[in-house]
Every structure is written in structure tokens, then in C-alpha cells.
Amino acid sequence: MRASTQYSNTQKRNPRPAAHDDIPVDQMAQGELVLKHADLVKRIAYHLVSRMPPNVDVDDLIQSGMIGLLDAAKHYSATKGANFETYAGIRIRGAMLDEVRKSDWTPRSVHRNMREMAEVVRKIENAKGHDASPTDIAEALGKSMEEYHRLVQDAASCRLFSFDQVSASEEESSPADHARDEGPGPFDHIEDAAFRDALASAINGLPEREKLVLSLYYDEDMNLREIGEVLEVSESRVCQIHGQALVRLRARLTEWLSPA
């Protein structure tokens, strides 16, 4: 009887610690939030690195993402409406992109080629009234199909910032240039309802395969390998389709991306 009473008293004095899942997010200590969501940093890092050149190291992204997670844990408030994982994901991704911008890894020639391809697409589609085919684009550029495919693969990497950094005249610009710019912030146009409508319309008007790749990549967070399995094509082919879609979008959003 005494043993039973002693055990009962011990339980009262030393209650089982509540599992993280049992504690509301807004009541967790910052350290607990960081530990619980560390895997989110890795997940975002590996998704981002799959669209970057080989010289971008995933460990560097993870390190930057952890800073973003710490920042999220420090500033999160449940009263703002978003759940913590959504809020932290935005902060983590932003911290990683800021780090990549500072590294300035995209050659200026890639930006230049992107603009040239977009202008060619715009002219072909205006003249013919339908989607510019890869053959039409390559011919207008004076490139072989192999060369053209290399260009659109480069474009897929170059346009990492196309959906969150669309504010500018990009004449000979780079991600690092935008990071130093004290003009409009990278989300200024995205926050504009008219631009969102224009972007949605442009995406909706893409050829079906290009639209599907963008949906799987940006909405479903699938990587190139996974998308390739869905479409039954290689990763490099998915990258080409992705790059071609972004070139086409740039061509159709010229008035937004290159204001007079």
C-alpha cells in the first residue's frame, strides 16, 4: 500500500513532460520551436538546391535557413493568422534566397540570353498569333536545337527569382544587384492585384505541359526527378520545359518586367 502511495506521489511531483505535439505553438519556447521544425529547413533547402547551379552548396542553404527559422521563432505570433510552419517556411526560404543573392552566382550572359529569348518569343507570338514552338525560337536565335535546349536549361536556373523578384529593369543586372537596390522591394509587384491577375492569366495561357511542370514544381513542391517520373521524361527534359515556360512568361509579361 505504501509503495503504491509513494509511486503516486512521485508521479505528482514529477509529471511526464508534455510532448511537443501537445503544446500549442504559441506557447512553445523559441528553442523548442526551432528543434521541432529543423527538418523543415532541410526540406526547403533540398528543394531549392535542385534548381540551382552545382556551386550552390546545400549546407550553406541549411545554415542560412536555420537563421531564418530562428528569426521566425522570435517573431511569430498566432494572432497574425498564419500557422507557424507556413510563417517559418516564408522566413526560411527568404533567408536562403538572400544568401544566394549575395553570392551572385548567375553569369550576366545568362540574364542577357534570357532577355533575348523572351524578346524572340514575344515577336514570334505577336506575328503568328499562337505559341512559339522551340523550333521557331531556335531558328530565330540562329541556334541549333541542342544549343537552344542548353539556353533554356540555363534560364531555369537564372529565373530562380522570377516569381519573387520581378520589380525591375534588369539591364545587365544580377541577384546581388537587386539585393543592394534600395528601390521597390522584391514583393512589390507580387502584392499588386493587377500583376497577380496578369501572371495568373499568362500561366493559364501556357502550353499544357509547361503549365503542368510549373504547377508540380511551385504548387506541389515536387523536384525535377519526381516531375520527370510523372511525365515519363528525364530530369534534363523537365528542366528544359521549366526554362521554356519561364522564358514564355517573361515574354508575355514584358510590360510588367521591363517598364518604360
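## Contact between α6 and α13

In this predicted model, Met-114, Arg-115, Met-117, Ala-118, Val-121, Arg-122 and Glu-125 of helix α6 meet Leu-246, Val-247, Arg-248, Arg-250, Ala-251 and Arg-252 of helix α13; contact means heavy atoms within 4.5 Å. The residues of this contact divide into 7 nonpolar, no polar and 6 charged. In that division Ala, Val, Leu, Ile, Met, Phe, Trp, Tyr, Cys and Pro count as nonpolar, Asp, Glu, Lys and Arg as charged, and the others, Gly among them, as polar.

Two packed helices are described by the angle between their axes and the distance between the axes. Helix α6 covers residues 108-128 and helix α13 residues 235-252; they pack at an angle of about 65°, and their axes are 8 Å apart. This makes α6 roughly perpendicular to α13 (65 to 115 degrees; under 35 is roughly parallel, over 145 roughly antiparallel, and the rest oblique). Axes are lines fitted to C-alpha atoms, for helices over the stretch in contact, and angles run from 0 to 180 degrees between N-to-C directions. The crossing of α6 past α13 is right-handed, that is, the near helix is turned clockwise from the far one by less than a right angle. Helices are DSSP runs (H or I, at least four residues), numbered from the N terminus.

A salt bridge is a side-chain nitrogen of Lys or Arg within 4 Å of a carboxyl oxygen of Asp or Glu. Glu-125 is buried, at a relative accessible area of 11%, while Arg-252 is partly exposed at 27%. Buried means under 20% relative accessible area, exposed over 50%, and partly exposed in between (1.4 Å probe, protein chains only).

## Salt bridges within helices

The whole structure has 12 salt bridges. One of them joins the side chains of Glu-146 and Arg-150 at 3.5 Å, N to O. Both residues lie in helix α8 (residues 145-158), 4 residues apart, or about one turn of the helix. Glu-146 is exposed, with a relative accessible area of 58%, and Arg-150 is partly exposed at 44%.

In helix α12 (residues 224-231), Arg-225 and Glu-229 are likewise 4 residues apart, about one helical turn. Their side chains form a salt bridge of 2.9 Å, N to O. Glu-229 is exposed at 55% relative accessible area, whereas Arg-225 counts as partly exposed at 40%. Elsewhere, salt bridges that share partners join Glu-125, Asp-131, Glu-210, Arg-248 and Arg-252 into one network.

His-47 is in helix α3 (residues 38-49) and is buried, with a relative accessible area of 10%. Apart from neighbours within four places in sequence, His-47 is in contact with Tyr-217, Asp-221 and Met-222.

In helix α7 (residues 134-141), the buried residues are Asp-136, Ile-137, Ala-138 and Leu-141. Gly-142 follows α7 and has a positive phi, near 75°.

## Basis of the values

Residues are numbered from 1 along each chain as its sequence is written, and side-chain values use heavy atoms, with hydrogens and water left out. Local features need pLDDT of at least 70 and side-chain atom pairs count only at pLDDT 80 or more, while totals for chains, interfaces and linings use all residues.

Conventions
Helix = DSSP H or I, 4+ residues; strand = E, 2+ residues; numbered from the N terminus.
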